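Q: Can you walk me through this structure? I'd like to start with the contacts between chains.

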2 protein chains.
Amino acid sequence: MATIYEVSKLAGVSLATVSRVMNNNVNVTDITRKKVMSAMTELGYRPNSIAQSLASNCSNSVGLLVSELSGPFYGPMMGGIENTFRDQGKHVIIAAGHSDKKREEQAIEFLISRNCDGLILHVEAVTDEYLIKLSKGKTPFVLLNRYISELAERCIILDNVHGGYLATKYILEQGHTDIAYISGPLWKKDAQDRLSGHKKALQEFNHAFDEQLLYEGDFMENSGAQGYTQLHNSPHQFTALICANDEMATGAMASARECGVTLPNELSIIGFDNVFFTRHVYPPLSTINYPIDEMGNMAANWILSNVYQKTTAELQTVFKPELIIRQSIIKHQ
Amino acid sequence: MATIYEVSKLAGVSLATVSRVMNNNVNVTDITRKKVMSAMTELGYRPNSIAQSLASNCSNSVGLLVSELSGPFYGPMMGGIENTFRDQGKHVIIAAGHSDKKREEQAIEFLISRNCDGLILHVEAVTDEYLIKLSKGKTPFVLLNRYISELAERCIILDNVHGGYLATKYILEQGHTDIAYISGPLWKKDAQDRLSGHKKALQEFNHAFDEQLLYEGDFMENSGAQGYTQLHNSPHQFTALICANDEMATGAMASARECGVTLPNELSIIGFDNVFFTRHVYPPLSTINYPIDEMGNMAANWILSNVYQKTTAELQTVFKPELIIRQSIIKHQ
DNA sequence: GATATAAATGTAAGCGCTTACATTTTATGT
DNA sequence: ACATAAAATGTAAGCGCTTACATTTATATC
């Protein structure tokens, strides 16, 4: 591979001049620029980005840590992020944390040791303290889907409380009074928030929250199925089921059908996240929209603005969930 | 950040020695190794991977190009790949090609200019010639889901012909004789192959292939819906529909239901790929399994073996599809 | 046209590592 | 104890760029 040195020789200029035409282009005569450019194309020169990084102390790479690379939730998020960055010549290095404290920490270390200029973190298991300490370090980062008051300006979140509220409110408005709830793991903030939104709506409608109708799942499909079975077999009746995410709702639907329950006639269900397959389940699942792609985009913009000093669209940190109505809920008489 | 130089000073050894303990560890006394190690931890030293790359001419990064970051197909593939690599201290740089020739080429250029040691390519639009030329270059790559005879040993593929054959054979065995087919875009090799598998099965059962019952889609959900509508409105009857992937099958199912067709009683459907949501659609979709995660894994192993000289499990290039039977198909009398 | 000023270009010192080669230390055999 | 080979360590030259600073060249001012 040709180096800058050969280009400079062929063009009859110095290294610095070649470097200048590669970069900001400031203070170079058109004529020398042309000489250099044609030398470059003649040699098929392409800058060595590693050497650039070392010399400039900027790797032009941003680290992206998600819980899983697969699954309906992260794909759109990554898509939005990659798109924004590649246009800017930045590249994204991905890692998966698998919702495990140790693996998340390792992944962050890994990304930092890779000289990422900035990090986009969707972490779940790592502690607030860890992140606060990390924020003192020299690698800037944004947090997706996590709120830490000390780091507020770098948290891009969904208003989960409001989302939980919207779901329950809609169910209540449809006349349901006996409502079961399958939550996420309650050590996770978003699971808590969605549940408190639920309680808030209940309170507003003067309905008591019934602990017996709560099942704590883990956001995975199976726990939805298990949760439903357990609730179904308890003495408590319910005509509507709220699930803290779509995966669990799907599991619950399968389980309900196995119990001989007709959907949606005998049981109304609502999920959360609006992952793309909710349209395909039967009956099509009502849910709460989580604009994860937009939020990924915003995270990318945050980095562009805070790390690379690019001017971007205005940064927004709190996103609003929206109710998506499909056929999985019926009016209760 | 501490550099190797400070470590060497604190440990009272030379740069080279520090470098040695970081690397192969060969020819270093235990005692000096310990001195160096403790100096490292004392300083919180972490090697600068950019400098390492420049000096060693190896970036420890591999580029991964997929068509989309989202969608049910690529997630599992990326997951398998990332997993394999991070264990080995390699990182993966991702890019999306969006099935567009120009964007795919750009992405490849980008990845190469990023000094990736190797590439895993899932490309669709780029020509064979381009790839053959690329193979003459210095960056090694594997191809996922694409076969080019000149590059056979670096193609990791599914036997799509056999997959198409299996699907059709099963439908035929269920007694169906009037079978519609929604294909992928026929400029894509996999779409062609699946269709020829279909024809092969037909022939084996002495059924003529009816051009009128073929619709060429684009592997996306909408085209499945459109395809179904068109086939439904044509004068030709059919009791079974084979779709070249699950997305189109899903679209066709929605469309069939809108046309008032009861599934699976009035129409049997089979898809292809076995993406995870096929279990959730209604009725659960029979399909052909595409072991994309394993194939991603294998691609990673290929790189490990061919680029990094690691010994890995034996490399396999052709994977076998399997029939997955669910409830979307009934026997035809 | 001489001088001051600005613009364009060149020079050379790093960025933080690896590694060929040189040198020193240690082990081995007699 | 000494020569010799082997092992451990040190020296220094890069890897391909960027950039502060120095120098040269063009432009403006009177």
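Q: Which side chains meet in a salt bridge, and at what N to O distance?
A: This is a predicted model. In it, B:E221 and A:R279 form a salt bridge through their side chains, at 3.3 Å, N to O.

Q: How many salt bridges does the rule find across the interface of chain B and chain A?
A: Four.

Q: And how many residue pairs are in polar contact there?
A: Between chain B and chain A, 20 residue pairs, counting pairs with both residues at pLDDT 80 or more.

Q: Which elements of chain B supply the side that touches chain A?
A: α4 (49–56), α5 (74–86), β2 (91–96), α6 (101–113) and α11 (246–258) of chain B each give at least two residues. The largest share is from α5(B), with seven residues.

Q: What is the make-up of that side by class?
A: The side of chain B that touches chain A has 19 nonpolar residues, 17 polar and 10 charged.

Q: OK, overall size. How many residues are in contact?
A: On chain B, 46 residues are in contact with 47 residues of chain A.

Q: What area is buried between the two chains?
A: About 4,000 Å². Carbon and sulfur atoms give 60% of that area.

Q: Which three residues of chain B supply more than any other three?
A: B:I50, B:R86 and B:R114. Together they supply 16% of the area that chain B buries against chain A.

Q: Back to β2. How many bridges join the β2 strands of the two chains?
A: Three bridges join β2 (residues 91–96) of chain A to β2(B). The two strands run antiparallel.

Q: Which residue is the bridge partner of A:I94?
A: B:V92, in β2(B).

Q: Now A:N115. Where is its place in chain A?
A: A:N115 is in the loop between α6 (101–113) and β3 (118–121).

Q: Why does A:N115 count as buried?
A: Its relative accessibility is 19%, and buried means under 20%.

Q: What is A:N115 in contact with, leaving aside neighbours within four places in sequence?
A: A:S59 and A:S61 in chain A, plus B:N48, B:S49 and B:I50 in chain B. B:I50 is also one of the three residues named above for buried area.

Q: New topic: A:A240. Buried or exposed?
A: Buried, because its relative accessibility is 0%. A:A240 sits in strand β8 (residues 240–243) of chain A.

Q: What is A:A240 in contact with, beyond four places in sequence?
A: Its contacts include A:I171, A:H176, A:D178 and A:L267.

Q: And how far is A:A240 from A:I270?
A: They are 30 residues apart in sequence and 8.2 Å apart in space, C-alpha to C-alpha.

Terms used: Residues numbered from 1 in each chain as written. Chains lettered and ligands numbered in written order. Predicted model: local features only at pLDDT ≥ 70, side-chain atom pairs only at ≥ 80, totals over all residues. Heavy atoms only, no water. Contact = heavy atoms within 4.5 Å. Buried area = accessible area lost by both parts, 1.4 Å probe. Polar contact = N/O pair within 3.5 Å; in protein donor to acceptor, adjacent residues only side chain to side chain. Helix = DSSP H or I, 4+ residues; strand = E, 2+ residues; numbered from the N terminus. Nonpolar A, V, L, I, M, F, W, Y, C, P; charged D, E, K, R; others polar. Pairing = 2+ DSSP bridges. Buried < 20%, exposed > 50% of the residue type's maximum accessible area, 1.4 Å probe, protein only.
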